[in-house]
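This briefing walks through one protein chain, topic by topic. Look at the sequence and the model first, then read on.

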Amino acid sequence: MVDSSGSWRDAYKGMSSDNVKGLVLALSSSLFIGASFIVKKKGLKKAGASGLRAGSGGYSYLLEPLWWIGMITMIVGEIANFAAYAFAPAILVTPLGALSIIISASLAHIILQEKLHTFGILGCALCIVGSVTIVLHAPQEQDIDSVLEVWNLATEPAFLFYAAAVVGAAIVLIVQFIPLYGQSHVMVYIGVCSLIGSLSVMSVKALGIALKLTFSGTNQLGYPQTWVFTVIVLMCVITQMNYLNKALDTFNTAVVSPIYYVMFTSLTILASVIMFKDWDRQNGTQIFTELCGFITILSGTFLLHTTTDMVDSESKGNLSSEDNHLLLRIPKHSEDSNGFAQDGIILSLRRQESAKSPRPARQTKQLEEDLEAVPLRRQESSLRS
């Protein structure tokens, strides 16, 4: 009985100074990254109006200053996140990304007019509660004196198997699924980002530890392992940014952010448990509490995702079954083009008129002809520009 009481006291002895530093950096990171989603989205939409969209394989957003402002904001957030991993375990740092979901969803509601349902606010509250739960029960950061120790952890059979499985799954998604389902299924782009992201976090943590040791007086830059981790970080980050841009340009921000968070966090925690053996330093109570906190965050992100569908259902519920059928034929990105926006207004007005009185067959045919003419109008507009 005494041993049990002693282990309980040891489990809740408080956060270490390194964990506190990691917490502050992670919170700052969430603020910058959450805002960057909105700025980048506006830049992508502006670039897509005058060139080939990122979701269609275009790179015109690279010439858009607003997109670069968003990218710089994200880089600042990622630097803070990078530093956080050097001080605290991934189980503590990664789930705090839920705060970036709250920020991006709120700003999307205010700036991008992407409606946030009332239950979405409840989802944000659940994310906060889950984050606090994980923070209070996160494991202490283990003491590592050399990058060679991290390399030994990364080359153990269990993590090598995980890394091979992740790379293989990402290649399959890129080669087989993105050409077929990239424009219609958000999970495809997000899957690539999350899989590769879990490896990038492990490499970022290894590189962060190497730099922290170097700045403290123990030079790690002479080890080739440090530069191997650097190359892996660059490759993973470039891949992540490419497919995250495609996801943001193709789908609603309030949907992309929570799904990306759930998948990315789940895979990162799994990778950290395998590589750094975070749970080996904790008892069953702590592990169970962390899982409960994580499930609470998942519930919050699920609410954010579901309420977006509820908003869409409510808007479609005001239309007749015939109008809903015609609505499905409107091109996916109609809201991102000025020409399309004008056509959408005309079609919406006609739907409102039809709701007041039955629509004759001749008007229905005219509406169908207008819908078929929308892509042609966009092509003409592109040629003029």
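Where is the place of Ser100? Ser100 sits in helix H5, which covers residues 98-110. The model is a predicted one, in which local features need pLDDT of at least 70, side-chain atom pairs count only at pLDDT 80 or more, and totals for chains, interfaces and linings use all residues. Residues are numbered from 1 along each chain as its sequence is written, and side-chain values use heavy atoms, with hydrogens and water left out.

**The chain as a whole**

- The secondary structure comes to 15 helices and zero strands; helices (H or I, at least four residues) and strands (E, at least two) are DSSP runs, numbered from the N terminus.
- The chain has 385 residues, and 46% of them count as buried. Buried means under 20% relative accessible area, exposed means over 50%, and partly exposed lies in between, using a 1.4 Å probe and protein chains only.
- Among contacts in the chain with a separation of 6 or more, 82% are between residues 24 or more positions apart. A contact means heavy atoms within 4.5 Å.

**Ser100 and Ser30**

- Ser100 is buried, because its relative accessible area is 10%.
- Not counting residues up to four places away in sequence, Ser100 touches Ser30, Ile33 and Gly34.
- Ser30 lies in helix H2 and counts as buried because its relative accessibility is 3%.

**Nonpolar cores**

- The largest nonpolar core has 66 residues, and those with the most contacts inside it are Val150, Phe159, Met202, Leu244, Val256, Met275 and Phe276. A nonpolar core is a set of buried Ala, Val, Leu, Ile, Met, Phe, Trp, Tyr and Cys residues joined through side-chain atoms within 4.5 Å.
- Helices that each supply at least two residues of this core include H2 (17-48), H3 (65-87), H8 (157-181) and H9 (186-215).
- H9 gives the largest share of this core, with 17 residues.
- A second, separate core has 14 residues, including Ile102, Leu116, Ile269 and Leu304.
- Leaving aside neighbours within four places in sequence, Phe276 is in contact with Gln142, Ile144, Val150, Leu153, Met202, Lys205, Ile209 and Arg281.

**How H3 meets H9**

- The axes of H3 and H9 come within 8 Å and cross at roughly 75°. Axes are lines fitted to C-alpha atoms, for helices over the stretch in contact, and angles run from 0 to 180 degrees between N-to-C directions.
- H3 and H9 are therefore roughly perpendicular to each other. Angles under 35 degrees count as roughly parallel, over 145 as roughly antiparallel, 65 to 115 as roughly perpendicular and the rest as oblique.
- Phe82, Tyr85, Ala86 and Phe87 make the contact from H3, while the H9 residues include Val201, Val204, Lys205 and Gly208.

- Ala90 lies in helix H4 and counts as buried because its relative accessibility is 0%.
- Leaving aside neighbours within four places in sequence, Ala90 is in contact with Tyr85, Pro95, Met202, Thr268 and Ser272.
- Ala90 and Glu141 are 51 residues apart in sequence, and their C-alpha atoms are 9.2 Å apart in space.
- Ile287 is in helix H12, residues 284-317, and is buried, with a relative accessible area of 19%.
- The C-alpha atoms of Ile287 and His137 are separated by 8.1 Å, while the two residues are 150 residues apart along the chain.
- Lys277 is in the loop between H11 and H12, and is partly exposed because its relative accessible area is 26%.
- Lys277 is not a glycine, although it has a positive phi of about 55°.

**Regions listed in UniProt**

- An unreviewed UniProt entry lists "transmembrane region" for residues including 20-39 and 159-181. UniProt positions are given in the numbering used here, feature names are shortened, and annotations may be inferred rather than shown by experiment.
- Residues 20-39 are 100% helix and 0% strand, with end C-alpha atoms 29 Å apart.
- Residues 159-181 are 100% helix and 0% strand, with end C-alpha atoms 30 Å apart.
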